[in-house]
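Dear colleague,

Please find below the structure that I am handing over to you. A summary of the findings follows it.

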Amino acid sequence: MHGHGDLAGRARAWDGRPMSPVVVVGAGLGGLAAAVHLAAAGRQVTVVEALDEPGGCCGTARLGPFRFDTGPSVLTMPGVLAEVFGAAGQELRHWLPLHRLDPSYRMVFDDGSRLDVLPEREAMAEQVRTVCGPAEAARYDRYRALLDELFRVEWPTFIDADVSRLRALARPAALLRLARLGGFRRLDRLAARHLRDPRLIKAHTFQSLYVGLAPQRALGIYAVIAHMDTVGGVYFPRRGGMHAIPSAMAALLAKLGADLRYGVRAAKVETDSDGVTGVLLAGGERLAARQVVVACDRLAARRLLPGPAADWRLRRPHHSPSCLVLHVGLDRPLDGQAHHTLHFGRVWEETFTALAAGRPQPDPSLLITHPEPDGEAAPPGQATLSVLEPAPNLRTADWDRLRPELEERLLGRLAALGHGDLSGAPRLVLDPPAWAARGHSAGTPFALDHRFTQTAWLRPSAVARRVPGLHFAGMYTAPGVGIPPVLISGRLAAERILKEAR
């Protein structure tokens, strides 16, 4: 491991003057990524975080001797994370050893059949051949090639790219290629055009829920998420769970000389006629800065921002559905259980119709996460289980009534799946009111959905054009929801700041 903080001289403007400090509001993955890139370039960075630890949405919680990840459980595209550490001359493996899950997912269908999702082409084709037959395996191979091509077009042009200016979308060759590939069809129709087995179609379209949309409403461009999951592979930290990711990033920041302040709430971004001048903290302290990155819930952050920073894209925000998550402490690990198991319900389209109408899904599909014990998440010989059910957010449902009903139903479903009676086990339940208490608008940890009018340039802007020096990062801006997009948003904010001579 090589130190970098002693190698990075403080950045200076073209006339030799020291560059002004930068304040980052929010120590989630987007804010941390922005701060690392800035500090690695020699800028003086202060990160203020209202919580008592880094992570934001990528959080952690303890219940007695058990530790649970309370945020994302799926890490794809680890190269994006490696780029953050690489910006500081560091290797990710020295700070955060990862291992690839095998399988990435286990998918269990209502007829009792199951499909293990493996990233290697031949191994996955053999899985499909065994479960769905040789003809479907041939179709899968062609569909996988389509996913590869969609990814090659989308990634450098619309995901790993700054689309804060409208002209960034003026790429007719890429748009035409996406159209030819079916990127502007509905996702379910795109998959059904190439695949025949309903199980395989579900396996390649359920990912649209990650961006808050049913497969019947999401555009085909979001097949790129299935590519990240099923082709790129899914990874997990060897120790510390998913919260090890922000912990490692914060440790790197400290080594780079950044000032991380936890339990400190920002009260206001202050400005003058030339733009940002600093951040006023809730305790009255003022941090001078000519550039600020706001990397927290965008709607909640409006109280911090000056009037000119208002964004017309947020006048009628459309939030993603939320989720009910049951974290359970087990008295023993489960034999033969995959890290991620997706149990599909008997019905499909009806579940999305209900969710869109603000009703519980009649027969929900469940994501069950059972990490291999790492010696820290549970006492010896014990383990944890986390179960996620998609659910309406606070704006569409009465959760005082729904919570006990859905929790009881979920426990019954787990018993029916062979997990036994967990009603007496230690458990932590996160529902939309709990997400709201953690600072998530509308009680959803998935921010705004990715309908066309909330995608790319139409998503809330990463730049406050009328307030020079004010930038944004995180799920509420482009590229959007998910660990790789959020990390990219932080890097893009840093790149814009480094181009400004302030």
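**Overall form of the chain**

For 502 residues, a compact globule would have a radius of gyration near 23 Å, and the chain agrees with this because its own value is 23 Å. Please bear in mind that the model is predicted. The C-alpha trace spans about 70 × 55 × 45 Å along its principal axes.

In secondary structure, the chain comes to 14 helices and 19 strands. Of the contacts with a separation of 6 or more, 71% are accounted for by residues 24 or more positions apart.

**Burial, surface and charge**

Of the 502 residues in the chain, 60% are buried. The accessible surface comes to about 20400 Å², and carbon and sulfur atoms hold 52% of that area.

The chain carries 61 positive and 51 negative charges.

Glu154 is found in helix 5, which covers residues 134-159. Glu154 is buried, yet it has no salt bridge. Which side chain of opposite charge is nearest to Glu154? That side chain is Arg177, at 10 Å; a salt bridge would require a side-chain nitrogen of Lys or Arg within 4 Å of a carboxyl oxygen.

When the neighbours within four places in sequence are left aside, Glu154 is in contact with Ile159, Leu178, Ile221 and Val224.

With kind regards

Conventions. Residues numbered from 1 in each chain as written. Predicted model: local features only at pLDDT ≥ 70, side-chain atom pairs only at ≥ 80, totals over all residues. Heavy atoms only, no water. Helix = DSSP H or I, 4+ residues; strand = E, 2+ residues; numbered from the N terminus. Rg over C-alpha atoms; globule rule 2.2 N^0.38 Å. Buried < 20%, exposed > 50% of the residue type's maximum accessible area, 1.4 Å probe, protein only. Contact = heavy atoms within 4.5 Å. Areas by Shrake-Rupley, 256 points an atom, 1.4 Å probe, with all protein chains shown as cover. Lys, Arg positive; Asp, Glu negative; His and termini not counted. Charge placed at Lys NZ, Arg CZ, Asp CG, Glu CD.
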